[in-house]
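Trainee: I am new to this structure. Can we go through it by asking what lies behind each label?
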Amino acid sequence: MSDYRITLLKGDGIGPEIVNQAVKVLDKAGERFGFTVEYDEALLGGCAIDATGVPLPKETVEKCKASDSVILGAVGGPKWDSQPGNNRPEAGLLGIRGALGLFANLRPSVIFGPLSSASPIKDEIIGGKLDVMIVRELTGGIYFGERGRKEVNGIPAAYDTEMYSTLEVERIARVAFDLAMKRNKKLTSVDKANVLESSRLWRETIIKISEEYPEVELNHMYVDNCAMQLVRNPRQFDVIVTSNIFGDILSDEASMIAGSIGMLASASLSDGKFGLYEPIHGSAPDIAGKGIANPLATILSVSMMLRYSFDRSEAADAIESAVAKVLETHRTPDIYEEGMTRVSCEEMGDLVCSFL
Ligand code: NAD
Ligand code: IPM
Ligand code: MN
């Protein structure tokens with residue numbers, strides 16, 4: 001019997017390459033810190049459509065539910081773009097998040113020391129340091145609201161609905177406030193309360209929950225301003241809590257501040273210890289199969305898994321240190337800088353293992 005049973009959802013495009021590196025690093029961490037992992041694979045996304053006709057087969061949900069946690073690569077690609085909306089690879093991803101109740105998505109935007117010069121933001125703004133945690137609501141809002149097509153005055157139209165219940169906002173708020181308590185006790189709630197009714201309810205609810213956390217300094221920011229402030233002065237943020245769609249967009253922006261989208265890890269969590277760990281980037285069809293994808297976002301997602309699901313912070317710290325060490329000398333093309341050695345996806349995985 002192994003200590004942990006993990007389901008791998010490698011997915012499409014660069015998914016399999018990056019997950020393979022993350023597995024290698026997890027196994028190496030197991031050797032060093034004395035735990036064993038057993039893997040099972042399941043289909044999600046385009047590969048699942050090809051094999052079964054649907055992006056999220058029942059068996060995939062069952063396997064994930066029966067495991068201690070899940071590692072996901074990425075799904076989607078041009079091959080499946082003409083699928084009907086509810087049968088797209090991306091619908092499978094939303095489906096698994098919903099089926100597993102993963103309402104809280106933690107997306108840490110961290111600059112690893114040697115990478116500060118890879119950030120497109122001037123060093124005097126970054127100051128060599130960035131550590132922002134975006135807490136994205138993941139199973140509600142416009143992603144899960146009613147949508148459809150109809151005719152308006154004889155003209156084809158389509159709609160998607162943004163809706164949040166107080167319960168959904170309360171539970172994500174508590175996740176964010178709890179994290180803020182463990183960090184710098186500063187929380188920014190991002191909404192569009194100047195226009196959207198759902199944002200006004202969001203803001204009222206955040207304010208109500210803030211009474212349970214008197215030590216946390218709370219401020220509110222409109223999402224358009226936040227997009228601007230992230231570039232103007234990213235260090236003003238500690239924890240950001242926001243809706244599903246705003247979190248999706250702001251986290252891609254925050255990833256680039258940290259150097260590359262290939263660096264940004266995430267944890268998708270439910271109430272308990274179970275989690276699905278996924279890089280924030282997609283299947284990168286433009287570089288799939290070339291062996292040049294950056295596997296670090298997925299490797300760092302494994303480190304989040306050790307920290308949040310398995311309470312193995314020592315092993316998580318060791319992976320993060322190994323990543324920082326490798327970055328002093330070796331880079332995949334997306335974060336390449338002069339004077340460094342350019343490496344492939346697989347070499348990057350091997351290097352992280354060698355420093356563990
Ligand atoms: P993307 O994140 O796949 O790629 C955007 C750009 O970033 C591309 O130039 C890509 O080469 C680069 N990039 C992404 N990850 C990288 C990595 N690890 N190393 C180096 N470069 C990397 O976004 P997109 O092109 O908008 O979407 C492509 C497909 O992925 C779409 O089908 C989309 O729906 C899907 N997608 C899936 C997920 C997911 O599964 N979690 C997330 C986002 C997008
Ligand atoms: C992400 C992705 C997904 C999202 C898509 C592929 C459904 O962009 O994980 O950030 O929008 O949540
Ligand atoms: Mn996204």
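Trainee: Why is Asn194 called partly exposed?
Mentor: This is a predicted model, and the label comes from a computed value. Asn194 has a relative accessibility of 39%. Buried means under 20%, exposed means over 50%, and partly exposed lies in between. So Asn194 counts as partly exposed.

Trainee: Where is Asn194 placed?
Mentor: Asn194 sits in the loop between β8 (186-191) and α7 (197-210).

Trainee: What does Asn194 touch, not counting residues up to four places away in sequence?
Mentor: Asn194 touches Arg200 and Tyr222. Contact here means heavy atoms within 4.5 Å. For scale, take Val25: from C-alpha to C-alpha, Asn194 and Val25 are 46 Å apart in space. In sequence, 169 residues separate Asn194 and Val25.

Trainee: Is Ser67 buried or exposed?
Mentor: Ser67 has 8% relative accessibility, so Ser67 counts as buried. The cut-off for buried is under 20%.

Trainee: Which polar contacts does the side chain of Ser67 make?
Mentor: A polar atom of the Ser67 side chain lies 2.8 Å from the backbone oxygen of Cys64. The Ser67 side chain also reaches the backbone oxygen of Ser69, at 3.4 Å. The limit for a polar contact is 3.5 Å. Ser67 itself lies in the loop between α3 (58-65) and β3 (69-74). Leaving out residues up to four places away in sequence, Ser67 touches Arg5, Ile6, Thr7 and Phe274.

Trainee: Why is Ser119 called buried?
Mentor: The relative accessible area of Ser119 is 8%, so Ser119 is buried. Ser119 lies in the loop between β4 (104-110) and α5 (123-126). A polar atom of the Ser119 side chain is 3.1 Å from the backbone nitrogen of Ile121. Beyond four places in sequence, Ser119 touches Ile111, Ile126, Met256, Ile257 and Gly259.

Trainee: What makes Asp286 a polar contact of ligand 1?
Mentor: A polar side-chain atom of Asp286 lies 2.8 Å from an oxygen atom of ligand 1. The cut-off is within 3.5 Å. Backbone atoms take part too. A backbone N or O atom of Gly77 lies 3.2 Å from an oxygen atom of ligand 1. A polar backbone atom of Ser283 is 3.1 Å from an oxygen atom of ligand 1. The protein covers 69% of the 800 Å² of accessible area that ligand 1 has on its own.

Trainee: Which residues come nearest to ligand 1?
Mentor: Val75, Glu90, Gly282, Ala284 and Asp286 do, out of 21 residues around ligand 1. The shell divides into 10 nonpolar, 7 polar and 4 charged residues.

Trainee: Which residues are around ligand 2?
Mentor: They are Glu90, Leu93, Arg97, Arg107, Arg136, Tyr143, Asp248 and Ile280.

Trainee: How do you know that Arg97 makes a polar contact with ligand 2?
Mentor: An N or O atom in the side chain of Arg97 is 2.7 Å from an oxygen atom of ligand 2. Polar contacts must fall within 3.5 Å. For Arg136, a polar side-chain atom lies 2.8 Å from an oxygen atom of ligand 2. For Asp248, the value is 2.9 Å, again from a polar side-chain atom to an oxygen atom of ligand 2. The protein covers 78% of the 320 Å² of accessible area that ligand 2 has on its own.

Trainee: How is the protein chain divided into domains?
Mentor: Domain 1 is 1-102 + 260-356, and domain 2 is 131-257. The contact takes 11 residues from domain 1 and 11 residues from domain 2. Taken over C-alpha atoms, the centres of domain 1 and domain 2 are 25 Å apart.

How values were computed. Residues are numbered from 1 along each chain as its sequence is written. Chains are lettered from A and ligands numbered from 1 in the order in which they are written. This is a predicted model: local features need pLDDT of at least 70, side-chain atom pairs count only at pLDDT 80 or more; totals for chains, interfaces and linings use all residues. Side-chain values use heavy atoms; hydrogens and water are left out. A residue is near a molecule or strand if one of its heavy atoms lies within 4 Å of it. A polar contact is a pair of N or O atoms within 3.5 Å; within protein, one must be able to donate a hydrogen and the other to accept it, and residues adjacent in sequence count only if both atoms are side-chain atoms. Accessible areas come from the Shrake-Rupley method with a 1.4 Å probe; for residues, only the protein chains shown count as cover. Ala, Val, Leu, Ile, Met, Phe, Trp, Tyr, Cys and Pro count as nonpolar, Asp, Glu, Lys and Arg as charged, and the others, Gly among them, as polar. Helices (H or I, at least four residues) and strands (E, at least two) are DSSP runs, numbered from the N terminus. Buried means under 20% relative accessible area, exposed over 50%, partly exposed in between (1.4 Å probe, protein chains only). Domain bounds come from an automatic or database domain assignment.
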